[in-house]
Amino acid sequence: GWDATAIDRVAAMIEATEHRATDASALDSAEPLPTDTAVLLDADLAVLGADPAGYSTYAAGVRGEYRHLSDEEWRVGRSAVLEGFLRRPSIYLTDTATALWERRARANLTAELAELEV
């Protein structure tokens, strides 16, 4: 029973969780996101700022989702994703998420990237 505008809005928010704009240049050129979308995207990335054990569990789960890739394919692809997030001026879009999770997220991503490069 939703109208087409509401359906389109929710669909756009869901599609935004693909986080295609993971590098700083893509974010700089993008139009500002609506607040509700920014909050949703930050919530989707909250796990990046988890404690190291929680992040490790998350990262292992992501690897499981991509088990069809060889170890080399995984290393190359995952490294590109992590580097993209690390190039962003801030991983998160809202001040609240940045204050809560930015430092830990950067540490987690940096640690995983170092493991991938071994």
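Is Arg78 buried or exposed in this predicted model? With a relative accessible area of 8%, Arg78 is buried, where buried means under 20% relative accessible area, exposed over 50% and partly exposed in between (1.4 Å probe, protein chains only).

The structure is a predicted model, in which local features need pLDDT of at least 70 and side-chain atom pairs count only at pLDDT 80 or more, whereas totals for chains, interfaces and linings use all residues. Residues are numbered from 1 along each chain as its sequence is written, and side-chain values use heavy atoms, with hydrogens and water left out.

**View 1. A salt bridge between Arg78 and Glu112.** The side chains of these two residues meet at 2.9 Å, N to O, a salt bridge being a side-chain nitrogen of Lys or Arg within 4 Å of a carboxyl oxygen of Asp or Glu. Because Arg78 belongs to helix H5 and Glu112 to helix H6, the pair ties together parts that are 34 residues apart in sequence; helices (H or I, at least four residues) and strands (E, at least two) are DSSP runs, numbered from the N terminus. Glu112 is also buried, with a relative accessible area of 8%.

**View 2. A salt bridge between Asp36 and Arg9.** A search of the whole structure finds five salt bridges, and in one of them the side chains of Asp36 and Arg9 meet at 2.3 Å, N to O. This pair links distant parts of the chain, with Asp36 in helix H3 (residues 35-44) and Arg9 in helix H1, 27 residues apart. Asp36 is partly exposed, with a relative accessible area of 37%, and Arg9 counts as partly exposed at 28% relative accessibility.

**View 3. The aromatic pair of Tyr55 and Tyr58.** Rings of Phe, Tyr and Trp (its six-membered ring) pair if their centres lie within 6.5 Å, with planes under 30 degrees apart counted as stacked, over 60 as edge-to-face and the rest as tilted. By this rule the count comes to three aromatic pairs, one of which is the tilted pair of Tyr55 and Tyr58, at 5.5 Å centre to centre and with 50° between the planes. Both residues lie in helix H4 (residues 52-65), three residues apart, which is about one turn of the helix. Tyr55 counts as buried at 4% relative accessibility, whereas Tyr58 is partly exposed, with a relative accessible area of 25%.

**View 4. The aromatic pair of Tyr66 and Trp74.** The ring centres of Tyr66 and Trp74 are 6.0 Å apart and their planes stand at 35°, so the pair is tilted. Tyr66 is partly exposed, with a relative accessible area of 38%, while Trp74 is buried, with a relative accessible area of 9%.

**View 5. The largest nonpolar core, with 15 residues.** A nonpolar core is a set of buried Ala, Val, Leu, Ile, Met, Phe, Trp, Tyr and Cys residues joined through side-chain atoms within 4.5 Å. The members that touch the most other members are Leu45, Leu48, Tyr55, Leu82, Ile91, Tyr92 and Leu109. Two or more residues come from each of H4, helix H5 (71-87) and helix H6 (95-116), and H6 gives the most, with five residues. Leaving aside its neighbours within four places in sequence, Tyr92 is in contact with residues including Asp42, Leu45, Leu48, Trp101 and Ala105, contact meaning heavy atoms within 4.5 Å.
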